[in-house]
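Please look over the sequence and the model below.

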Amino acid sequence: MDSSAQGLHRVLDPEGAARQVDAWRGRIERLAADTRIMGERLQTLRVTAADPDGLVEVTVDAGGALAGLQFSQRIQRVPPRVLADTVMATAQAAKAQLAARSQQVVEETMGTDSPAARAVAARIAEQLRVPPDDTGQDGRQSDRPGDRRGW
C-alpha cells in the first residue's frame with residue numbers, strides 16, 4: 001500500500017479516529033485542570049520581604065500590590081526620605097520574589113515546554129516587572145558612595 005493509500009486508510013478508520021479524539025480530549029482536560037490549579041495557586045501567593053537593615057517588612061499580594069507594611073522601632077532614627085526609599089526598595093524586592101515564586105508555580109503545574117505556560121510566565125513577569133534603579137537583584141541598595149544607607 002502506498003503512502004497516500006495508508007493516509008486515506010487512517011482517515012477512514014473510525015476506531016483510530018475515535019482513539020485520537022479521546023487522546024486529544026484527555027490532553028485538553030489535563031491542560032484545563034493544570035491551568036485551574038495554576039490559577040488557584042497563583043491567586044493565593046503572598047510574599048513578605050524585609051530590608052537588610054531591619055527597618056521595614058513589606059508584603060505584596062498575588063498581583064504585586066502592597067498588602068502589608070510593618071515598621072520596626074528603628075525607623076525613629078532615620079530620616080523620612082531614607083525610610084521612603086527603604087519601603088520602595090523592599091517592595092520591589094518582594095515583587096521580584098513574587099515573580100520568581102509565580103514562575104515556579106507555572107513550571108510545577110504547566111511544565112516548561114507548554115506554549116501556554118510560557119505565555120502566562122511572560123505576562124506575570126511583565127506585570128511584576130521591577131523598575132530599574134540602584135538596587136541589586138535582591139533589592140538591597142548598593143554600597144557605592146552616596147549610598148542611601150549611610151545614616
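The points below run from the overall fold to single residues.

This is a predicted model: local features need pLDDT of at least 70, side-chain atom pairs count only at pLDDT 80 or more, and totals for chains, interfaces and linings use all residues. Residues are numbered from 1 along each chain as its sequence is written, and side-chain values use heavy atoms, with hydrogens and water left out.

**Overall fold**
- The protein has 4 helices and 3 strands. Helices (H or I, at least four residues) and strands (E, at least two) are DSSP runs, numbered from the N terminus.
- Along the sequence the order is α-α-β-β-β-α-α.
- Of the 151 residues, 27% are buried. Buried means under 20% relative accessible area, exposed over 50%, and partly exposed in between (1.4 Å probe, protein chains only).
- Among contacts with a separation of 6 or more, 53% join residues 24 or more positions apart. Contact means heavy atoms within 4.5 Å.

**Helices α2 and α3**
- Helix α2 covers residues 14-43. Its axis and that of α3 come within 9 Å and cross at roughly 155°. Axes are lines fitted to C-alpha atoms, for helices over the stretch in contact, and angles run from 0 to 180 degrees between N-to-C directions.
- The two helices, α2 and α3, are therefore roughly antiparallel. Angles under 35 degrees count as roughly parallel, over 145 as roughly antiparallel, 65 to 115 as roughly perpendicular and the rest as oblique.
- From α2, the residues L31, D34, T35, I37, M38, R41 and L42 meet S102, V105, V106, E108, T109 and M110 of α3.
- By class, this contact of α2 with α3 has 7 nonpolar, 3 polar and 3 charged residues. Ala, Val, Leu, Ile, Met, Phe, Trp, Tyr, Cys and Pro count as nonpolar, Asp, Glu, Lys and Arg as charged, and the others, Gly among them, as polar.

**Two sites in α3**
- S102 lies in helix α3, residues 80-110. S102 is buried, at 3% relative accessible area.
- Neighbours within four places in sequence aside, S102 contacts L42, L45, I124 and L128.
- K95 is also placed in α3. K95 is partly exposed, at 21% relative accessibility.
- K95 and G63 are 32 residues apart in sequence, with 8.9 Å from C-alpha to C-alpha.

**Strands β2 and β3**
- Strands β2 (residues 56-60) and β3 (residues 66-71) pair in the antiparallel sense over 5 bridges. Strands pair if DSSP finds at least two bridges between them.
- V58 stands opposite L69 in β3.
- The hairpin of β2 and β3 has 5 residues between the strands, and G64 there takes a positive phi near 90°.
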